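Please look over the sequence and the structure shown here before reading on.

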Amino acid sequence: MSNDALLHLLHSHLAWWGLRQFASDEAYFQWQRQVLSLAELTTLHRLMEQKRRGSTADEISFYDATAQPRILPVLYSQQYDYYLAIGARVADRIGEAQSILDVGCGVGILTTFYARQFPNKTIVGVDRSPASIARAREQTRALGLTNVRFECLDCTDLAAAHSADLILATHALVQAEQDPGIPSHSWKTFERAAENQHQADFERRTGIGPKLDCLNDLLAAHGRMVVCEKTRQLSRRIPFQRALAARDLGLIEQPELIRYNLVEEIVDDGPFFVLGKGAFRSIQWNELPDPDEGRPFDPTELVTGLAHPDMPLYESHCPSAQQAWEQLHKRHIFKETTRKEADGRQLHVEIGQSEEGVYLYCANSLDQRQLVIVEPARKQILESYYHEIERGE
Ligand SMILES: C[S@@+](CC[C@H](N)C(=O)[O-])C[C@H]1O[C@@H](n2cnc3c(N)ncnc32)[C@H](O)[C@@H]1O
């Protein structure tokens, strides 16, 4: 089926669930206020804050609330473009699989889409939110689907009967959205040592260790796993990849970086991984930062006087700012500070002069980089900025 035809079916499926696509925050929030009362919005907000604190019970309460018939379409409409991005990619990869397990399936919006598109496949959706599973079952009956069933279970309690030749886990395994991951050796590098203790701590904090062990046991020898989590930050991506690799899960396809809108906000998500057991070794895991959209650094372009009065000669907030900083000619440092922040990250900031101009470089061990270059006449601006960072502002 062509991608356009698949997307057309996905749009109709999302409309059947009552979801709407919005291009502006204003239109979306207007609809949200029309449908939901202030009391409902306040409760949702409170549950979302509690979920952020990370207890399992709080997370279940949040997802239970989102499954309520009045709330579901409004809340999940925010994810409309996510469903298009993930639903189309997964449907494209169902292939020869006969038994499919969708782990952390939520209310089953995508699970029922796959079941509709592939009536000859058997699909099981599993989630630990009872209200989400109740809703998924209700919708399955309403759609008249007989090839999909839903079970309320924690995925670490799945048993041999749930074995599958395709396991799907999208936004389901790494719920710990606040976890910073593993910092690099220092602000100078993006590399992480292969330290077992750091990795074990990450897997324990996020709970992915037991989840992956269980899913791996259920995956048929020739099976595939499709995984897409919020692990775009390198400090989370690396330990997540290492956790997959440690379970002998290898890449069948090049990982794909996913980008979509949450109404007006652009979200960089993924990577989208297609994995298989052991035998697939042709594609290597990559622990480098994502290719970025930083302005290419060309020292010959930085001619004093050409910049707009309000613009620096050069500015980049992307990982490639590190290469630009390394390329500066005859770097002379005026002042520099390196310290450990309360959350454990190491931060470095320096101000100096090079042939290209006066520069400020800021880097930390959670992969953030920033380089700003101005003409010497505007050195004062960077000095103030340096002192703000030095004071921790
Ligand atoms: C963000 S929703 C994603 C739903 C769906 N996979 C999707 O892509 O739209 C995450 C779901 O994972 C479920 N979940 C998280 N941890 C789980 C676990 N250990 N076992 C079962 N379900 C889990 C939550 O209850 C929630 O419904």
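What follows describes the surroundings of the ligand and then a helix pair.

This is a predicted model, in which local features need pLDDT of at least 70 and side-chain atom pairs count only at pLDDT 80 or more, while totals for chains, interfaces and linings use all residues. Residues are numbered from 1 along each chain as its sequence is written, and side-chain values use heavy atoms, with hydrogens and water left out.

Of the 18 residues around the ligand, those that come nearest are Tyr82, Gly104, Asp127, Cys155 and Thr170, where a residue counts as near if one of its heavy atoms lies within 4 Å. Helix H4 (56-66) and helix H6 (80-91) each supply at least two residues of this shell, helices being DSSP runs (H or I) of at least four residues, numbered from the N terminus.

A ligand nitrogen atom lies 3.2 Å from an N or O atom in the side chain of aspartate 154, and a ligand nitrogen atom is 2.8 Å from a polar backbone atom of cysteine 155. On the side chain of threonine 170, an N or O atom is 2.8 Å from an oxygen atom of the ligand.

The axes of helix H9 (residues 196-206) and helix H10 (residues 208-218), which are lines fitted to C-alpha atoms over the stretch in contact, come within 6 Å and cross at roughly 85°. That makes H9 roughly perpendicular to H10, a label given to angles of 65 to 115 degrees. Phe202, Glu203 and Thr206 of H9 make the contact with Ile208, Gly209 and Lys211 of H10, contact meaning heavy atoms within 4.5 Å.

Terms used:
Axes are lines fitted to C-alpha atoms, for helices over the stretch in contact, and angles run from 0 to 180 degrees between N-to-C directions. Angles under 35 degrees count as roughly parallel, over 145 as roughly antiparallel, 65 to 115 as roughly perpendicular and the rest as oblique. A polar contact is a pair of N or O atoms within 3.5 Å; within protein, one must be able to donate a hydrogen and the other to accept it, and residues adjacent in sequence count only if both atoms are side-chain atoms.
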